[in-house]
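Please walk me through this structure. I would like to know how it is built and how its parts meet.

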2 protein chains.
Amino acid sequence: MSQYPPAQGAPVPEPSVRVLPVVDGVQPERADAARNRARLLEAASRLVAEHGAGHVTMEAVAAAASVGKGTVFRRFGDRAGLMRALLDHAEQAYQKAFLFGPAPLGPGSPAAERLEAFGIATLRHLETYVDLYLASERCPTRRYSFPARAVQATHVAALLRQAGVTGDVELLTQALLGYLDAGLVNHLRTVRRLPAERVEAGWKDLVARMVREDH
Amino acid sequence: MSQYPPAQGAPVPEPSVRVLPVVDGVQPERADAARNRARLLEAASRLVAEHGAGHVTMEAVAAAASVGKGTVFRRFGDRAGLMRALLDHAEQAYQKAFLFGPAPLGPGSPAAERLEAFGIATLRHLETYVDLYLASERCPTRRYSFPARAVQATHVAALLRQAGVTGDVELLTQALLGYLDAGLVNHLRTVRRLPAERVEAGWKDLVARMVREDH
């Protein structure tokens with residue numbers, strides 16, 4: 001954990017190799033294959049953002065990336081493989097943003113502000129990818145053991161400590177992450193129909209209650 | 001919701017009919033059939049408490065209740081039916097305790113104390129029944145729409161308001177309930193191997209942070 005927390009103002013190393021645990025591991029690829037793959041995933045990400053995960057088909061991705069359908073099938077096997085790769089790709093970008101990106105989400109801002117920004121970034125990330133997260137977490141016992149959740153927990157716990165929070169930081173972290181659970185956010189946004197702004201304000205309130213000085 | 005919140009010191013009406021939404025609805029039964037059913041479920045509950053849900057078979061319940069195996073099968077259909085009925089039965093007792101039971105869990109104590117007691121009661125309830133809850137919540141999107149969760153949410157929101165908490169009580173309620181999620185509690189207890197006392201202390205800390213005076 002030598003990069004954690006990064007020194008303020010220090011140059012942020014661009015990770016040259018994949019070091020973060022992500023949802024679905026992949027093998028290293030040749031540079032051109034990796035570029036090709038990234039291009040297909042960018043196209044798929046745009047489709048998810050515009051139309052939702054339900055509308056992303058192998059054909060639509062091929063068309064959006066201007067390649068043949070066969071290329072998409074060779075690369076991802078089937079639609080489930082594409083969805084896993086897409087979630088993995090999105091998760092990497094999201095993790096990079098809160099670990100290495102610009103402040104206040106990335107290093108350089110006070111811990112309480114970074115914590116606020118982390119929740120907002122997570123809620124916005126879920127706004128686009130919630131369907132993929134829900135599809136990937138069929139088993140309720142495994143939800144909390146995902147490597148990606150461990151990355152979130154490490155980050156939140158570090159920020160809580162930096163913010164001077166005393167108490168059982170590990171458990172407070174679990175409570176905070178519970179608010180960012182894909183199933184809960186989906187429930188609040190689509191079943192309860194709460195506006196995104198209200199859910200984001202709820203996160204800020206929660207953080208304020210966690211970090212204010214102990215009584 | 002005329003019974004909510006109950007006046008302090010007022011006689012607590014024993015609900016004569018099933019008015020609470022529970023995990024799995026059943027039809028009204030004749031008195032002797034209901035007694036029979038209750039006896040089988042008590043036997044099954046004892047088995048769960050002693051050996052865990054995995055060890056509760058139709059045969060074991062029949063033996064524990066001193067009836068023939070056929071009686072258990074006629075009553076519950078199959079093991080899945082028995083498990084649903086058992087969860088329903090346990091859920092009713094748990095709900096009754098926090099809605100109508102003795103203080104500090106039931107009416108009569110200050111709201112913050114009741115909120116503390118509610119979490120502890122929920123964690124202890126899960127300590128016994130977590131396997132059944134996990135088995136019943138296969139679908140992550142439905143977890144938050146269970147009627148039983150709505151009962152918990154109504155209760156927690158009412159206590160937060162009584163404790164004078166300002167802010168978005170509905171969302172703070174969701175954050176608190178996130179800590180009591182069956183999957184999370186299971187993760188903390190069986191994967192992370194945290195002692196029950198620590199998880200209970202974490203709940204108390206969380207409640208304290210929620211209800212202390214706004215800054």
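The paragraphs below go from the single chain to the pair, and then to selected side chains.

This is a predicted model. Start with chain A. Chain A has nine helices and zero strands. Chain A holds 215 residues, and 49% of them count as buried. Now look at the contacts inside chain A, taking those with a separation of 6 or more. Of these, 66% are between residues 24 or more positions apart.

One residue gives a view of the inside. A:Ser45 sits in helix α1 of chain A, which covers residues 31-51. Is A:Ser45 buried or exposed? A:Ser45 has a relative accessible area of 11%. The cut-off for buried is under 20%, so A:Ser45 counts as buried. Leaving out residues up to four places away in sequence, A:Ser45 touches A:Leu86, A:His89 and A:Tyr129.

Next, bring in chain B. How are the two copies related? In general, two copies of a chain are related by a rotation about an axis and a shift along it. Here the rotation is 180° and the shift along the axis is 0.0 Å. Chain A then superposes on chain B with an RMSD of 0.0 Å. The two copies are thus related as by a two-fold rotation axis. In chain A, A:Gly178 has the C-alpha nearest the axis, at 2.4 Å.

The contact between the chains comes next. On chain A, 40 residues are in contact with 40 residues of chain B. Which surface does each copy use? Of the interface residues of chain A, 100% are also interface residues in chain B, so the copies meet through the same surface. Together the two chains bury about 3400 Å² between them. Carbon and sulfur atoms account for 54% of that area. Three residues of chain A stand out here: A:Leu171, A:Arg209 and A:Arg212. They supply 21% of the area that chain A buries against chain B, more than any other three residues.

Polar links cross between the chains as well. Between chain A and chain B, 15 residue pairs are in polar contact, both residues being at pLDDT 80 or more. Which helices of chain A build its side of the contact? Helices α7 (169-179), α8 (182-191) and α9 (196-211) each supply at least two residues. Helix α9 of chain A gives the most, with eight residues. By class, the side of chain A that touches chain B has 16 nonpolar, ten polar and 14 charged residues.

Some of the charged residues pair up. There are six salt bridges between chain A and chain B. One of them joins the side chains of A:Arg192 and B:Glu170, at 2.6 Å from N to O. Another joins B:Asp168 and A:Arg198, at 2.7 Å from N to O. B:Asp168 lies in the loop between α6 (147-162) and α7 (169-179) of chain B, and A:Arg198 lies in helix α9 of chain A, so this pair joins two chains. A:Arg198 counts as partly exposed, at 29% relative accessibility.

Salt bridges also form within a chain. Over all chains, the count comes to 14 salt bridges. In chain A, the side chains of A:Glu127 and A:Arg189 meet at 2.5 Å, N to O. A:Glu127 is in helix α5 (residues 111-136) and A:Arg189 is in helix α8, so the pair ties together parts that are 62 residues apart in sequence. A:Glu127 is partly exposed, at 41% relative accessibility. A:Arg189 is partly exposed too, at 24%.

Chain B has a salt bridge between B:Arg189 and B:Glu127, at 2.5 Å from N to O. This pair links distant parts of the chain, with B:Arg189 in helix α8 (residues 182-191) and B:Glu127 in helix α5 (residues 111-136), 62 residues apart. B:Arg189 has a relative accessibility of 24% and counts as partly exposed. B:Glu127 is at 40% and also counts as partly exposed. Finally, salt bridges that share partners join A:Asp168, A:Glu170, B:Arg192 and B:Arg198 into one network.

Note on methods: Residues numbered from 1 in each chain as written. Chains lettered and ligands numbered in written order. Predicted model: local features only at pLDDT ≥ 70, side-chain atom pairs only at ≥ 80, totals over all residues. Heavy atoms only, no water. Contact = heavy atoms within 4.5 Å. Buried area = accessible area lost by both parts, 1.4 Å probe. Salt bridge = Lys/Arg side-chain N within 4 Å of Asp/Glu carboxyl O. Polar contact = N/O pair within 3.5 Å; in protein donor to acceptor, adjacent residues only side chain to side chain. Helix = DSSP H or I, 4+ residues; strand = E, 2+ residues; numbered from the N terminus. Nonpolar A, V, L, I, M, F, W, Y, C, P; charged D, E, K, R; others polar. Buried < 20%, exposed > 50% of the residue type's maximum accessible area, 1.4 Å probe, protein only. Least-squares fit on C-alpha atoms with pLDDT ≥ 70 in both.
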